[in-house]
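This briefing goes through selected features of the structure shown here, grouped by topic. Please keep the sequence and the 3D view at hand while reading.

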Amino acid sequence: MNIKKTALYELHKKHNAKFVEFAGYSMPIQYSEGIVKEHNITRNKSGIFDVSHMGQLFIKYSNDITDKLQEILPTDLKNLKINQSKYSFLMKENGGIYDDLIITRMKDQYMIILNAACKQNDLQIIKNTLDDQNLDMNNNLSLVAIQGPESKTILENVVSNVSKLKFMNGENFTFKNNEIYITRSGYTGEDGFEISLPNKVAISFVEELISKGSTLIGLGARDTLRLEAGLCLYGHDINENTSPVEANLKWAISKNRINDNFIGSHQIKKQIEEGVSKLRVGIKPETRVIARESTKIFDEKDNEIGKVTSGTFGPSVNASIAMGYISNSHSKKDTKVYLEVRGKKVPANVCDLPFYKKSYVKGEANV
Amino acid sequence: MSNTKFSKEHEWITLDGEVGTIGITKHATEMLGDIVFAELPEKGSNVEKDGTAGVVESTKAASDVYTPVSGEVVEINQSIVDDPSKINADPEGGAWFFKLKLKDKSELDTLMNKEEYDKFAKETSA
């Protein structure tokens, strides 16, 4: 198979990236600083992430399209304001998740950001409901995220007026006479922005951000950052066998749509009313031992009660952290559980997510 | 480190009398990335040459640490358990893993010298 490269590939190389294959793309896992330093740079200053491997799907806007999209997404799109974004899912009839996504209502179109590994399958699913001619998976665009407390000031130096954006809202801006679209969002638990821009200006844009004080960050730190922030990684923490209710993402199902029909609605409604047997929770081992994906979880009587779906060492919380699915009867905060790591049972406690929460001085961006 | 020997599993051992000090090489730490967890054998336990004698984990993955020779664990370096980042900072010095009372000094003959190891490390990571 031909490994794809993003428009920023040469820039990654210039910054001594170590590459890994991710969803068919050659992506930087880390640069010369290493994962922990890159993680801390993002938490304390500002980091730049190339997420151009993700799908950018554009759908022409009309009332009819909105109706059809509501048949496949559990989100209230009718009340979505121009330039507003929402977190949503593509689901199976049984409530399992095909992909998680961010949908933004732009003036004349919807923009949907899809996971790289899922985007082709997502397109097929959407095509089952929507006309091909209304859909455009735009491969001429890059997607860059800038995250961390200094990002607002740094990006403002490159693109005037971005700091007025509110969390989960976007707007059109220009960079070197090219139209770009910026939303205030991210995947790190930090204040930040995601910028959709033409491939041809991607390198010069990122170079400007670097010259203003930001730093390229690889996928390795992206993973420790998102896990500390309690955010799900598709294919690990959510997949076709987990529903949004089981994943504790019920908040993303619009309340006024619970009684509507959309793919998976029957199951979602049932799960909300009757409860679920397993639930995604945060888990904190009592030692520094890392409980990685597939680690078995046991109760005090040695019954297997669940599995870890993501686990790492969180540099900002200075502790081992994990999330996973656990039987509902053991999902309460502070429940003592045991994780089987290399044949030993490591004591751990169920905890609230996120592991890391920013305390904002100014209440402008509610991340 | 002229009396230091190296294993193909990227451990080093320096002999002082009957006791060998064991750690992992700088090359190993560079391959692993930031180390965030270390587990050591128990003091007083016996370990067999090429057997597992600990674990190190980076943010990405876990790796076993093997002992290059057999013997009894007489001392462990608790400071790298408490602060595993020391392993990246000084792998072939202060961040040693454990000390062994050697069972059979001739096992050292199966190991590489510095020059051989450097060549091995270069070839296997290319």
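**Helix H5 of chain A and its cover**

The buried residues of H5(A) are covered by elements that include S9, S12 and helix H6 (199-211) of chain A. The model is a predicted one, and the mean pLDDT of chain A is 95.

- Helix H5 of chain A spans residues 151-158 and lies across S9 and strand S12 (192-198) of chain A.
- Relative to S9(A), the helix runs at about 135°.
- A:Ser151, A:Lys152, A:Ile154 and A:Leu155 are buried in H5(A).
- The buried residues of H5(A) line one face of the helix, because they fall within an arc of 165° when seen down its axis.

**The sheet in chain A**

- S9 and S12 also belong to an open sheet of 6 strands in chain A, ordered S10-S11-S12-S9-S3-S13. The pairing in this sheet is mixed.
- Strand S10 (170-175) and strand S13 (215-216) of chain A stand at the edges; each has a single partner strand, so one side of each is left without a neighbour in the sheet.
- In general, strands of a sheet pair through backbone hydrogen bonds, in either a parallel or an antiparallel sense.
- Strand S3 (residues 47-50) of chain A pairs with strand S9 (residues 141-147) of chain A in the antiparallel sense, over 4 bridges.
- Opposite A:Asp50 stands A:Val144, in S9(A).

**Contact between the chains**

- Chain A supplies 12 residues to the contact, and chain B supplies 9 residues.
- On the side of chain B that touches chain A, strand S4 (35-39) and strand S6 (52-58) of chain B each supply at least two residues.
- The residues on that side of chain B divide into 4 nonpolar, 3 charged and 2 polar.

**B:Val19**

- B:Val19 is located in strand S3 of chain B, which covers residues 19-24.
- With 15 other C-beta atoms within 10 Å, B:Val19 is partly exposed.
- Leaving aside residues up to four places away in sequence, B:Val19 touches B:Val74, B:Lys99, B:Leu100 and B:Lys101.
- One of these, B:Lys101, is 82 residues from B:Val19 in sequence, yet the two are 4.6 Å apart in space, C-alpha to C-alpha.

**Confidence in chain A**

- In chain A, 97% of the residues reach a pLDDT of 70 or more.
- Over residues 361-367 of chain A, pLDDT stays under 50. For this stretch the model has 9 contacts beyond four places in sequence.

How values were computed
Residues numbered from 1 in each chain as written. Chains lettered and ligands numbered in written order. Predicted model: local features only at pLDDT ≥ 70, side-chain atom pairs only at ≥ 80, totals over all residues. Buried ≥ 20, exposed ≤ 12 C-beta atoms within 10 Å, placed from the backbone. Contact = placed C-beta atoms within 7 Å. Nonpolar A, V, L, I, M, F, W, Y, C, P; charged D, E, K, R; others polar. Pairing = 2+ DSSP bridges. Axes fitted to C-alpha atoms, helices over the stretch in contact; angles between N-to-C directions. Arc of directions from axis to C-beta. pLDDT = per-residue confidence, 0-100.
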